[in-house]
Protein chains: 2
Amino acid sequence: MSASAVEAAIETRRELVNAALDERLPIEDPERLYRASRHLLDAGGKRLRPALTLLVAEALVDGAASESYETVPTLDGERDIDVMAAAVSIETIQSFTLIHDDIMDADDLRRGVPSVHRAFDNETAILAGDTLYAKAFEFMLETGAPAERTVQALSELAQTCTRICEGQSLDVEFERRAGVTTDEYIHMVEQKTAVLYAAAARIPALLLGADQETADALGAYGLDVGRAFQIRDDVLDLTVPSERLGKQRGSDLVEGKRTAVTLHAREQGVDVEALVETDDPEAVTEAEIDAAVAVLEEAGSIEYARTLSRDLVERGKSHLDVLPENEARELLCGLAEYLVERGY
Amino acid sequence: MSASAVEAAIETRRELVNAALDERLPIEDPERLYRASRHLLDAGGKRLRPALTLLVAEALVDGAASESYETVPTLDGERDIDVMAAAVSIETIQSFTLIHDDIMDADDLRRGVPSVHRAFDNETAILAGDTLYAKAFEFMLETGAPAERTVQALSELAQTCTRICEGQSLDVEFERRAGVTTDEYIHMVEQKTAVLYAAAARIPALLLGADQETADALGAYGLDVGRAFQIRDDVLDLTVPSERLGKQRGSDLVEGKRTAVTLHAREQGVDVEALVETDDPEAVTEAEIDAAVAVLEEAGSIEYARTLSRDLVERGKSHLDVLPENEARELLCGLAEYLVERGY
């Protein structure tokens with residue numbers, strides 16, 4: 001499937017998810033709280049995780065999903081369920097974690113706009129995240145799936161949230177500790193990022209009544225794709241211009257973050273801390289970032305991370321054999337490739 | 001029922017809840033995250049909300065609960081469920097909200113120990129709260145109740161969390177806004193505090209299969225008792241010595257918080273802002289607090305809040321008529337009274 005076909009498919013689903021978010025997460029009282037809760041959702045985002053949820057559902061029912069994904073027949077044919085509610089739940093969790101992560105990482109920009117704690121304040125940002133957290137569970141309870149399957153989906157969602165917190169905790173810890181290994185890093189990425197992709201792919205299978213093997217394979221697909229996505233992000237932070245990134249290029253390097261690229265470079269003997277030395281992150285120039293990137297290219301570290309993410313995507317795609325052969329399955333393959341081939 | 005009998009009953013359940021918390025929330029990897037998550041739970045707390053959950057279950061099944069509340073027969077007699085898991089879930093939500101509230105309110109002390117963001121740091125405190133949030137949903141999924149009822153309990157829990165966030169948002173907003181009315185304050189207290197008491201009392205009814213009328217009455221009991229508890233807390237902040245409070249006496253006054261007491265005083269023409277004027281909260285003396293309290297006594301504001309909380313408790317108790325007459329029901333009456341009569 002061509003990259004442009006995949007992009008068009010992502011775009012169509014993005015618009016549907018946005019419409020559903022508008023409907024399900026209106027600005028209510030207290031208005032400031034809900035404006036803060038919607039701030040990042042309104043600022044953009046590709047809605048890749050909910051797109052995964054929708055596409056898995058579509059693939060499982062072999063294209064029988066309604067246009068809005070609000071009436072998708074379960075595999076036993078006994079009822080229609082609202083898969084969009086699950087998709088919106090996943091995106092809502094994602095948005096909550098971004099809001100809290102930005103506070104923890106003191107990141108000022110996200111999606112080209114001030115992060116929530118900058119646009120509002122820390123108190124409101126903490127609460128906006130907490131509100132989305134609760135709303136995500138509310139949405140996941142609104143699919144109309146049989147109670148047993150709703151319980152499975154909620155269990156998956158709750159455990160996923162626990163693991164995301166554990167992953168973020170490791171991420172914070174790694175900033176403070178020397179000698180983090182690439183294995184530790186990959187494990188952290190799995191917990192912090194990949195588990196939500198796994199949940200996004202697994203939960204529609206649970207809700208629609210797929211068998212355990214299918215649900216597990218879809219979870220494995222999500223986990224590989226999610227790992228690949230984060231490792232690819234480590235590369236993009238270095239190679240994509242700031243205006244397309246929506247934040248400063250090289251910010252991971254400036255902030256001294258461990259990434260797949262910098263950990264590999266250290267293993268090659270590169271003095272990573274010396275690449276960008278500054279007391280004032282705002283004063284770092286594009287030329288300094290360029291010079292640092294050249295050193296990382298030279299060490300093979302950028303190519304290493306690119307190859308790693310491509311290998312993960314290949315493995316991820318292999319798990320899709322459990323699905324019937326149809327267009328949605330092709331799109332899931334294409335989406336995995338898109339995640340590592342995208343320019344931003 | 002005597003106050004000492006109620007205290008003994010609370011104490012017994014407190015120990016059971018603590019044992020269950022130890023078992024269900026061990027210090028795992030990442031250790032720092034889980035130590036932070038347990039920090040306030042280990043520092044104390046009466047476990048009043050989970051005690052409510054356990055006592056409602058015990059009253060509904062007319063004393064047929066097991067000693068540990070882990071095998072409580074449902075009302076249709078079809079299975080035993082683990083009500084302790086629900087009780088621990090409620091306490092875990094409570095602990096998450098305390099951790100995040102302390103960050104937002106910049107409170108340094110809680111239960112006589114440094115708050116989590118002081119003992120650790122803001123990042124860890126945000127994450128510890130987020131972890132407990134997820135764990136609370138995990139625990140609520142572990143009661144073994146029929147799936148339909150588990151879904152009802154989770155729906156109640158998620159909606160309660162949303163309302164707690166809305167209430168906390170109002171609380172933060174009220175700090176910044178002049179002219180807050182007592183009605184607005186009571187509404188805020190309901191959202192921020194009372195809804196968790198309502199959930200604590202309603203959820204065991206849902207899980208055990210009580211009818212809607214019974215569940216609603218128990219929810220109404222919890223809501224009244226929760227409101228009374230918070231309004232009583234407003235009084236205790238002024239009247240109980242710091243060492244028994246576990247935080248500075250009069251801290252609401254020093255921080256300029258709106259409470260049932262100060263809002264009433266303003267309506268009586270008291271210049272509340274002038275009662276304790278300081279740029280350095282740490283420098284406020286006991287004598288200054290005493291003088292402020294004397295003015296509030298004089299205005300009838302402390303008595304007003306005491307009476308309001310007592311009236312709410314009386315109304316709350318009246319909802320317990322839906323329960324069979326037994327010792328646990330007496331204890332629920334006694335617990336409501338204890339909440340407004342306790343000295344700290």
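Predicted model: local features only at pLDDT ≥ 70, side-chain atom pairs only at ≥ 80, totals over all residues.
Salt bridges come first. The structure holds 67 of them over all chains.

In chain A, Asp102(A) forms a salt bridge with Arg110(A). The closest N and O atoms of this pair are 2.7 Å apart. Asp102(A) has a relative accessibility of 1% and counts as buried. Arg110(A) reaches 23% relative accessibility, so Arg110(A) counts as partly exposed. The cut-off behind these labels is simple: buried means under 20% relative accessible area, and exposed means over 50%. Partly exposed residues fall in between.

A further pair in chain A is formed by Arg177(A) and Glu184(A). Their side chains meet in a salt bridge, at 3.0 Å from N to O. Arg177(A) is partly exposed, at 26% relative accessibility. Glu184(A) is also partly exposed, at 27%.

Chain B supplies the next example. There, the side chains of Arg38(B) and Asp22(B) meet in a salt bridge, with 2.7 Å from N to O. Arg38(B) lies in helix α2 (residues 31-43) of chain B, and Asp22(B) lies in helix α1 (residues 3-24) of chain B, so the pair ties together parts that are 16 residues apart in sequence. Arg38(B) is buried, at 6% relative accessibility. Asp22(B) is partly exposed, with a relative accessible area of 47%.

Salt bridges can also share partners. In this way Asp101(A), Asp105(A), Asp171(A), Lys192(A) and Lys257(A) are joined into one network.

Charge also gathers on the surface. Asp321(A), Glu325(A), Glu327(A) and Glu330(A) form a patch of negative charge there. Residues of such a patch have no salt bridge. One member, Asp321(A), sits in the loop between α14 (301-318) and α15 (327-341) of chain A. The relative accessible area of Asp321(A) is 56%, so this residue counts as exposed.

Next come the surroundings of single residues. Cys165(B) is found in helix α7 (residues 147-176) of chain B. Its relative accessible area is 3%, which means that Cys165(B) is buried. What does Cys165(B) touch, leaving out residues up to four places away in sequence? The contacts are Leu33(A), Leu127(A), Asp130(A) and Thr131(A). Cys165(B) and Gln191(B) are 26 residues apart in sequence. In space, their C-alpha atoms are 8.0 Å apart.

Thr53(A) belongs to helix α3 (residues 48-60) of chain A. Is Thr53(A) buried or exposed? The relative accessibility is 0%, so Thr53(A) counts as buried. Residues up to four places away in sequence are again left out of the contacts. Thr53(A) then touches Val83(A), Ala86(A), Ala87(A) and Ile90(A), as well as Ala200(A) and Pro204(A).

Ala19(A) lies in helix α1 (residues 3-24) of chain A. Ala19(A) is partly exposed, with a relative accessible area of 45%. In sequence, Ala19(A) and Ser68(A) are 49 residues apart. From C-alpha to C-alpha, the two are 9.7 Å apart in space.

Terms used
Residues numbered from 1 in each chain as written. Chains lettered and ligands numbered in written order. Heavy atoms only, no water. Patch = residues over 30% accessible without salt bridge, like charges linked within 9 Å, V, L, I, M, F, W, Y side chains within 5 Å. Areas by Shrake-Rupley, 256 points an atom, 1.4 Å probe, with all protein chains shown as cover. Salt bridge = Lys/Arg side-chain N within 4 Å of Asp/Glu carboxyl O. Lys, Arg positive; Asp, Glu negative; His and termini not counted. Charge placed at Lys NZ, Arg CZ, Asp CG, Glu CD. Helix = DSSP H or I, 4+ residues; strand = E, 2+ residues; numbered from the N terminus. Buried < 20%, exposed > 50% of the residue type's maximum accessible area, 1.4 Å probe, protein only. Contact = heavy atoms within 4.5 Å.
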